[in-house]
Amino acid sequence: MSKLGRLWNSLATPKRIPRFYSVILGILLLAGFLVPLALNDNQLYPRPAPQLQIDEKDPLAPYDRGGVPLKEPGIVRSQYPEFSEMAGMSTSYLSPIAISVSNTTIYYGTSIYSSPGGLIDTILYYTRGFDTILESSILMMAFVVASWVALHFTMRRREEE
Amino acid sequence: MDIILLGQQLLGYIPLGDIVLYLAPLNLFMFAGSLAFTTLIAISRTETQVEAGIGTLKDNEVKVNKDEFKIRRFLAIVCGLATAGAMITGDLFNFTLFVCLIGIVNIGIVSAVKQIDVLDAAFQYGLVAMIAVLPLFGGAAMILASTGSLSMLEIVNIPTNAMMIFGSLLLFLGVAGETGVAPFYATKAEMFRTPGSPFLLIIHLSSLLVIIRVIEILLIINKPF
């Protein structure tokens, strides 16, 4: 009984909590190797096989989703098509700079140009746009906290002393 | 709209593309409760702690200065709004993002204090919150891989398999780390030992509401009944 009490007491030390948490997480992840895989082939956000487009020397590989901008949708399957009727209409849009770059190299899809302005991702900005808003607000809150601490503690430390 | 979720008739839904927020009685009640508490916090002022001096008649007041008050109120409001959002979201990944936002903001609320032991506890809590992101998003990704969907209105119709159970265990461990429930409570309990009461209470309220909500989500995923 006293051993159990000592165990509870040791859990009350904040310094031990990250270690304790990591041990539990490690045990659970190791147990995960025993869980049989049951993958669903009918995925929500389909993609072609990774090496397929690279072997075809497609300059947009591996992000080519096909389609004609504003006329024909690319391969985007959304959970509720009735809530995002225009899904896939902008997946193949390339800016003039992006077109000229993709004509000169076959590695365009993996370059920095493939960010917005080049290949606009319908999933990120349209069908799951709210997630993107939340992600950037998490980043913003982290910056708010860090800059407040820097302005009020790190920079004012000398004044207080 | 004729969907029944855990015995609750849905009153309606808010579609945002693939992310559908659903309005069921329990979720709406928690949403309204969180918003009401956030409003109370936004219009209130902080407490002042009084430390009795030993051997003298002088009392030492521990006050919160204005800069600290402002940043804490802002972060407490963000925390309340994130909690309210986590109550009605009908999308698994969206829920994990809301929980992550609550975790970051909780660290921020106590980061402005000057007591060193409180800051130490907040640092340890931050470490746990960062580690907890792995099981949180990993669990959601595993459920996506084995069901092919992230919307809870779809998952409720898919029969449960072993991988979904493992995914939801990971998800629960992630939420337990982010909200600091037992047996990981020690870091959070230390964080409360600082003046500025109404803003600190939102840390507590958000973890309580998120735990209720994650239990509902686990029931939806695993369908034990």
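Select B:Lys223 to begin; this residue lies in the segment that follows helix H8 (197–222) of chain B. The model is a predicted one, and the backbone at this position deserves attention: phi of B:Lys223 is near 50°, a positive value in a residue other than glycine. Is B:Lys223 buried or partly exposed? There are 15 other C-beta atoms within 10 Å, so B:Lys223 counts as partly exposed.

Next, select A:Leu70, where a positive phi is again found in a residue that is not a glycine, here about 65°. A:Leu70 belongs to the loop between helix H3 (52–55) and helix H4 (96–104) of chain A. The residue counts as exposed because it has 11 C-beta neighbours inside 10 Å.

While chain A is displayed, colour its two domains. Domain 1 covers 2–34 and domain 2 covers 52–127. Taken over C-alpha atoms, the centres of domain 1 and domain 2 of chain A are separated by 46 Å.

Now return to chain B and show the whole chain as a cartoon. Eight helices and six strands make up its secondary structure elements, and along the sequence they follow the pattern β-β-β-β-α-β-β-α-α-α-α-α-α-α. The C-alpha trace of chain B spans about 70 × 30 × 30 Å along its principal axes. Of the 225 residues in chain B, 49% are buried. Among contacts in chain B with a separation of 6 or more, 73% are between residues 24 or more positions apart.

If the viewer can colour by confidence, apply that scheme here. Chain B has a mean pLDDT of 87, and 98% of its residues reach 70 or more. For the model, the scores are ipTM 0.87 and pTM 0.89.

Select residues 12–16 and 19–23 of chain B. These are strands S3 and S4 of chain B, which run antiparallel and are joined by five bridges.

Move on to residues 92–111 of chain B, which form helix H3 of that chain. At 1.5 Å a residue, its 20 residues should span 28 Å, and the end C-alpha atoms are 29 Å apart, so the two values agree. H3(B) is mostly covered, with 20 of its 20 residues buried.

Finally, display both chains and select the residues in contact between them. Chain B contributes 49 residues and chain A contributes 44 residues. On the side of chain B that touches chain A, the elements giving two or more residues are S3, S4, helix H2 (66–88), H3, helix H4 (116–147), helix H6 (162–179) and helix H7 (186–191) of chain B. Which of these elements gives the most? The answer is H3(B), with 11 residues. Colouring this side of chain B by residue class shows 31 nonpolar, 13 polar and five charged residues.

Note on methods. Residues are numbered from 1 along each chain as its sequence is written. Chains are lettered from A and ligands numbered from 1 in the order in which they are written. This is a predicted model: local features need pLDDT of at least 70, side-chain atom pairs count only at pLDDT 80 or more; totals for chains, interfaces and linings use all residues. pLDDT is the predictor's confidence in each residue, from 0 to 100. Two strands pair if DSSP finds at least two bridges between them. Helices (H or I, at least four residues) and strands (E, at least two) are DSSP runs, numbered from the N terminus. Domain bounds come from an automatic or database domain assignment. The expected span of a helix is 1.5 Å times one less than its number of residues. A residue is buried if 20 or more other C-beta atoms lie within 10 Å of its own, exposed if 12 or fewer, and partly exposed in between; C-beta atoms are placed from the backbone. Two residues are in contact if their C-beta atoms, placed from the backbone, lie within 7 Å. Ala, Val, Leu, Ile, Met, Phe, Trp, Tyr, Cys and Pro count as nonpolar, Asp, Glu, Lys and Arg as charged, and the others, Gly among them, as polar.
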